[in-house]
Amino acid sequence: MGFSLGDCLCLQCCFIFRVLFPETFRVLGPAGPVVAAAGEDTVLPCYLSPSISVLDLEIRWFRGDFSELVFLYRKHKNLFDYQLPSYKGRTDLFPEEFPRGNASLSLKDVRGTDDGLYTCLVQSADWYKEAMIDLAVRALGTQPSVSLHSTGGGQTQLVCRSEGWFPAPAVTWTDRDGQDVTSLSSTTVERDSRGLLSVSSYLPVKQESNIFSCLVRSA
């Protein structure tokens, strides 16, 4: 069976078309923030449209700068040499979902330091696209404790403390009449190794009798 000149021209044109116009795709993330509780596991969704396989593509998850690697998949391998130390042992992809264009990131044991923007970049030999994913970490802290301290010089203050929050909570002081006296207080916030926040609020008090309440709640 032979080929006509027209057949050859058609094959040649089709080949040139595929070289000049490679297969393209979009990278899609969620419409809104991914909300995750500190200490729990979560998934940062990332998909290709159309749903072509990502098996032979490069998948790069990073924060801020391109080199701040959270996870890198390239040439059928997970590469951890340049991964940010805080993510070691806590991240993975879903290889069984690769044929359906799923490049989502699994993140274990969510920490306060994980809060913020992530970029999911998927790249072929001649095309790449990326999507931004916002991770919002939430943590409710401990029941506040209030104690009385003397600061010297005859001054006394109430100290209200609570820990394990994210983001930083709001502290409100009220007196026995329900009047808001928060403006008289000062508050400090400290971050622990997991990125969770501890709050300490100080309210100066006079010697005469009074009753004060401290309320710590999500901002």
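Colleague: Before we dig in, what is the mean pLDDT of the protein chain?

Modeller: This is a predicted model, where local features need pLDDT of at least 70 and side-chain atom pairs count only at pLDDT 80 or more, while totals for chains, interfaces and linings use all residues. Residues are numbered from 1 along each chain as its sequence is written, and side-chain values use heavy atoms, with hydrogens and water left out. pLDDT is the predictor's confidence in each residue, from 0 to 100. In the protein chain 88% of residues reach 70 or more, and the mean is 89.

Colleague: How many strands does the protein chain have?

Modeller: Helices (H or I, at least four residues) and strands (E, at least two) are DSSP runs, numbered from the N terminus. On that basis the protein chain has one helix, and the strand count is 17.

Colleague: What share of the residues of the protein chain counts as buried?

Modeller: Buried means under 20% relative accessible area, exposed means over 50%, and partly exposed lies in between (1.4 Å probe, protein chains only). Out of the 219 residues of the protein chain, the buried share is 35%.

Colleague: How many bridges join E13 to E16?

Modeller: These two run antiparallel. One spot to look at is Gln 157, which stands opposite Pro 204 in E16. The bridges joining E13 to E16 number eight.

Colleague: In the hairpin of E15 and E16, which residue takes a positive phi?

Modeller: Strand E15 (residues 186–191) and strand E16 (residues 197–205) run antiparallel and are joined by six bridges. Val 189 stands opposite Val 199 in E16. The hairpin has five residues between the strands, and the one with a positive phi, near 85°, is Gly 195.

Colleague: Now the cysteines: what pattern do the disulfides of the protein chain follow?

Modeller: A disulfide is a pair of cysteine sulfur atoms within 2.5 Å, and the structure holds two of them. One is formed by Cys 46 and Cys 120, with sulfur atoms 2.0 Å apart, and another joins Cys 160 to Cys 214. With bonded cysteines counted along the chain, the pattern is 1-2, 3-4.

Colleague: Is the link of Cys 46 and Cys 120 left-handed or right-handed?

Modeller: Cys 46 is buried, with a relative accessible area of 0%, and Cys 120 is buried with a relative accessible area of 0% too. The angle about the S-S bond is -80°, and the link of Cys 46 and Cys 120 is left-handed.

Colleague: Is Thr 119 buried or exposed?

Modeller: Thr 119 lies in strand E10. Not counting residues up to four places away in sequence, Thr 119 touches Arg 60, Trp 61, Phe 62, Glu 130, Ala 131 and Met 132. At 6% relative accessibility, Thr 119 counts as buried.

Colleague: One more: in the open sheet of three strands, which residue in E9 stands opposite Val 43?

Modeller: That sheet has the order E3-E9-E8, with antiparallel pairing. E3 and strand E8 (91–92) stand at the edges, each with a single partner strand, so one side of each is left without a neighbour in the sheet. E3 and strand E9 (residues 105–107) pair over three bridges. Opposite Val 43 stands Ser 106.

How values were computed: Two strands pair if DSSP finds at least two bridges between them. Contact means heavy atoms within 4.5 Å.
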